[in-house]
Amino acid sequence: MHPYVLLAGAILSELFGTTALKLSDGFSQPVPSIGVVLGYGAAFYLLSLTLEELPMGVVYGTWAALGIVGVAGIGAVVFDEPVDLAGLLGIGLIIGGVYCVNVVSQMSAH
């Protein structure tokens with residue numbers, strides 16, 4: 001399977017796990033708590049497969065950065081968390097950094 005498909009799956013799994021973590025209310029809610037374990041378990045498994053084909057810095061940087069962007073979006077849309085202009089600017093810079101590392105630089109395997 002293409003490593004970027006695996007990486008996308010890892011990111012989506014991490015977003016699921018993080019959302020479940022918020023809903024678990026300090027692990028006091030059983031169903032979301034199970035979602036935390038499943039989400040993060042899948043994320044790390046898929047991340048390990050991705051690391052077989054792509055450099056560690058590219059994989060972890062992309063996973064972490066897009067996780068931040070995704071969680072910020074979920075927080076704003078699902079949990080009505082505030083987003084301001086500075087936050088949007090920071091998110092734009094993060095996305096620009098992911099683009100540079102994955103497309104422009106020679107760090108990733110093109």
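This is a predicted model: local features need pLDDT of at least 70, side-chain atom pairs count only at pLDDT 80 or more; totals for chains, interfaces and linings use all residues.
Reader: How do you know that the pair links distant parts of the chain?

Author: Glu81 lies in the loop between H3 and helix H4 (85–104), Lys22 lies in helix H1, and the two are 59 residues apart; helices here are DSSP runs (H or I, at least four residues), numbered from the N terminus.

Reader: Why is Glu81 called partly exposed?

Author: Buried means under 20% relative accessible area, exposed over 50%, and partly exposed in between, with a 1.4 Å probe and protein chains only; Glu81, at 35%, therefore counts as partly exposed, and Lys22, at 48%, is likewise partly exposed.

Reader: What makes Asp80 exposed, and where is it found?

Author: Asp80 has 66% relative accessibility and therefore counts as exposed, and it is found in the loop between H3 and H4. Asp80 also has a positive phi of about 55° although it is not a glycine, whereas most residues other than glycine have a negative phi.

Reader: What makes the set of 10 residues a nonpolar core, and which residues belong to it?

Author: A nonpolar core is a set of buried Ala, Val, Leu, Ile, Met, Phe, Trp, Tyr and Cys residues joined through side-chain atoms within 4.5 Å. The largest such core has 10 residues, including Leu6, Ala10, Leu46, Val59 and Trp63. The elements that give two or more residues to this core are H1, helix H2 (30–50) and helix H3 (56–78), and H1 gives the most, with five residues.

Reader: How do you know that residues 58–79 are helical, and what does UniProt place there?

Author: Over residues 58–79 the chain is 95% helix and 0% strand, with the end C-alpha atoms 30 Å apart. The unreviewed UniProt entry places the feature "transmembrane region" at residues 33–51, 58–79 and 85–104, although such annotations may be inferred rather than shown by experiment.

Technical notes: Residues are numbered from 1 along each chain as its sequence is written. Side-chain values use heavy atoms; hydrogens and water are left out.
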